[in-house]
Every structure is written in structure tokens, then in C-alpha cells.
Amino acid sequence: MNESPPDDDAGRTRRSRRPGPFTLLALPGLTVVLGFAGFMAATGRLSAAWPQDADTHAVASGGEAADRVHKSYVPWLREAAKTCAVLKPSVLAAQIDQRSGWDSDSGTLSGEVGIAGFTDAQWRTWGKDDDGNGRSSPSDPVDAIMALARQDCAAAKEVTVLRTRGTVTGDLLDLTLAAYTVGTDSVSGAGRVPPRARPYLTEVKALFARYETFDRAESGNSGTQKASGVLAPPVTTLVITSPFGSREHPLTGVTKLHTGVDFAAPQGAPISAARQGQIVFAGMTKAYGNRIVIDHGTIGGRRLETTYSHLSSMQVTTGQSVEAGTVVGFVGSTGLSTGPHLHFEVLVDGAYTDPQPWLAIDH
């Protein structure tokens, strides 16, 4: 019967051995390296001491890193965002993250291809060979980024027209993202962001902070430093009865953003163009009544527009050029209005902003 080794063999296996030359020389150095690494990790300095993968563009923002974005895509995100004013690199990056997580192989049974999830039909409309490699493909990330920007900007143009006419209300970017995911017709039918588009907006906007570094890298001129005094008063006396900001609408009872300021003025008082520009809309709308929109072009690197609503009558037509001080219409109470006044708005790059700094009104 075989027995286990006697106790003296077991003792030999447990017997201590003297450290060899390698242990004496290498162990202290290894201990120092491991100790240094532990200290750097504990203090959050390890990533700075040990370089990241050269094929990724790490972005620390909001506690998360956009390390799935290849560094070569970032200039294209910035270039694509120039397609229209409503876009930023972070918006495009967030859309792609929500759609595919930057995985070009995340195709679904619906036939969506590439990081931006284009179908064949969509690609025929929006796809181009933007990087000049001889082929146009939704699987090419650069082509996909640029195509997504074109699709977004087309939606932005459509909802801008709807908003100018008073057909829809809301933030231009929100309306654009809604049109992207459910279509412009659905936005137009709802008159605002449709409920079924809300989940998409929530998911995409939650990702903005992850990519905000892409925006900051090229933000040199905010344009706000030239706001004061740029616009002439649209009415003779600037008495504000309702300022810009959140309020409860006096007729509908709904609390939302009051997108401009209301100036008190008597029925029939003349209303003047606040600056030289071109009439891009002059017509009747349901909410704003007789409404005029003037495009003043680019000021301080940003597109500036003004609007004039609830007019009793209009003296200009779409396409007409006007000078500052030109009478464009007269005060009234058309549309959803409680009495004669001028509802005056200022839009910068398509977004409503407080008109008071632009008019240098004393608060």
C-alpha cells in the first residue's frame, strides 16, 4: 500500500530557501514601481503618467470619457457642425452615441448601417464621399458624420420655417431632434415636440456633457460682446408689460417660455424695423396674428433675426429689404392677445434670447 511521503520529505518542501541574486537585485526595484503605480492610481494621476492609446481621443467631461471616438473623427465632427447654426460637435457626437455607441458594426434587422444608422433609402438622399476616398458609404464614419449633419440641418430648416409661421413653438434644437427621429410632419401636427419624440430627446441630451470638450476646443467668439445697442427701438416708448422668460400665458394658462418682450403701445402706433435687413416672413399666424420676421444677417459671428407680432396691419412683404427705422406695420391685437401691444423677439442663431441687452433697455 502506497503511503504519502514521510514527514521529513514534507519538511523539505517547506524548508526556507535563501534569496537568490535575482531576488536581491530585482525585488526592491519592482516594489518601488508597484508602489509608485499605486500612488499614481490613488491620486488620479496614472492616466497622465502613462499615455492613453494613441488611436483614441479621451475626453474627461461630466465624469465620463468619450474614449470611443477615434481622434481622427473629431475634426470632422467640428466641420460637420458648421453645416448649420443649430448644430454643435457635441450634438452630433451624442446622436451617434445614442444610435450606435460608435460601433460601426451595430447594424440591425431594420437595415440601418454604420455609426449613424442610415438605411439605403436615407443614404441615397444624404450620403456623399466627404473624405474623398473614392466611395460613399454609411459604413465610412466620416461620410456618416457629414451625412448626419446634412440630415439634421434639413430638418432644422423645415422646423425654422414652421416656427417662423407660428405653426410650431419650442426650442429650435429640440424641434430639430424631434423632426430627425419622428419626422417634420409629426412635429407640425403636434405644434411642438411630439410626446413620442421625448424619449429620444432625453437620451441624446443626456449625452451632451460627455462630448462638450469638442465644442470648447474651437469656441473663440461667443458674439455676445456686441449685443448692447445693436438694435433700434421698434416702438417709440419702450414700456415692457411682460419680459422675456417663463410665465403663465394669460389666455391659455400654460406656463412656458415667453419668447420675447411685450411693449405697451396704443392701437395703430407705428412699428419700425430695429435694423437693416430682409423680410423673410410677413403673414397671418394663429398664435402671433399678423407677424413679421426680419433677417439682419451675421453680427459678431452670429445670425440675428427680429420678429414683430400681433400687428393690426403690415406695410411690408416677404423678400423686401428694409432699413432701420422703416415702418413695417402698426400695433394691434391679432392672434392670441389680450389687447394692443407689440410682441418683439430676438433670435440669435435660431434661438430665442432676451431682447433687452440688444436694445440696451434700462432694466
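These are my notebook entries on what I looked up in this predicted model.

**Entry 1: overall make-up**

I began with the secondary structure and noted 12 helices and 15 strands in the protein. I then looked up burial, and found that buried residues account for 41% of the 363 residues. For the contacts between residues at least 6 apart in sequence, I noted that 57% join residues at least 24 apart.

The largest nonpolar core holds 49 residues, and the members that touch the most others are L87 and W102. I listed the helices that each supply at least two residues of this core, and they are helix 4 (74-81), helix 5, helix 7 (141-164), helix 8 (172-182) and helix 10. Helix 7 gives the largest share, which is 11 residues. I also recorded a second, separate core of 27 residues, with I271, L304, F344 and W358 among its members.

**Entry 2: W102**

I placed W102 in the loop between helix 5 and helix 6 (120-126), and I count W102 as buried because its relative accessibility is 9%, where the cut-off is under 20%. Not counting residues up to four places away in sequence, W102 touches R68, V69, Y73, L77, A93, I96, D97, I115, I145 and Y211. I also checked the backbone, keeping in mind that most residues other than glycine have a negative phi. W102 has a positive phi of about 65°, although it is not a glycine.

**Entry 3: helix 5 against helix 10**

Helix 5 (residues 89-100) packs on helix 10 (residues 198-205) at an angle of about 115°, and the two axes are 8 Å apart. I therefore wrote the two down as roughly perpendicular to each other. The crossing of helix 5 past helix 10 is right-handed. On the helix 5 side the contact is made by A94, Q95 and Q98, and on the helix 10 side by Y200, E203 and V204. Sorted by class, this contact of helix 5 with helix 10 has 3 nonpolar, 2 polar and 1 charged residues.

**Entry 4: helix 5 against helix 7**

I repeated the look-up for helix 5 and helix 7, which pack at an angle of about 105° with their axes 11 Å apart. Helix 5 and helix 7 are therefore also roughly perpendicular to each other. Here L92, Q95 and I96 of helix 5 meet I145, L148, A149 and D152 of helix 7. By class I recorded 5 nonpolar, 1 polar and 1 charged residues for the contact of helix 5 with helix 7.

**Entry 5: helix 8**

Is helix 8 largely enclosed by the rest of the structure, or how many of its residues are buried? I found that 10 of the 11 residues of helix 8 are buried, so helix 8 is largely enclosed by the rest of the structure. The buried ones are L172, L173, D174, L175, T176, L177, A178, A179, Y180 and V182. What covers them includes helix 5, helix 7, helix 9 (184-190) and helix 10.

**Entry 6: G166**

I then went to the loop between helix 7 and helix 8, where G166 has its place. G166 counts as buried, at 14% relative accessibility. Leaving aside neighbours within four places in sequence, I found G166 in contact with T285 and Y288. The C-alpha atoms of G166 and R291 are separated by 8.6 Å, while the two residues are 125 residues apart along the chain.

L347 is buried, with a relative accessible area of 6%. With neighbours within four places in sequence left aside, L347 is in contact with R163, R303, L304, E305, T307 and Y352. I noted 9.2 Å between the C-alpha atoms of L347 and T259, which are 88 residues apart along the chain. H310 counts as buried at 5% relative accessibility, and its phi is near 70°, a positive value in a residue other than glycine.

Definitions and conventions
Residues numbered from 1 in each chain as written. Predicted model: local features only at pLDDT ≥ 70, side-chain atom pairs only at ≥ 80, totals over all residues. Heavy atoms only, no water. Axes fitted to C-alpha atoms, helices over the stretch in contact; angles between N-to-C directions. Helix = DSSP H or I, 4+ residues; strand = E, 2+ residues; numbered from the N terminus. Parallel < 35°, antiparallel > 145°, perpendicular 65-115°, else oblique. Left-handed = near helix turned anticlockwise from the far one by under 90°. Contact = heavy atoms within 4.5 Å. Nonpolar A, V, L, I, M, F, W, Y, C, P; charged D, E, K, R; others polar. Core = buried A, V, L, I, M, F, W, Y, C linked by side-chain atoms within 4.5 Å. Buried < 20%, exposed > 50% of the residue type's maximum accessible area, 1.4 Å probe, protein only.
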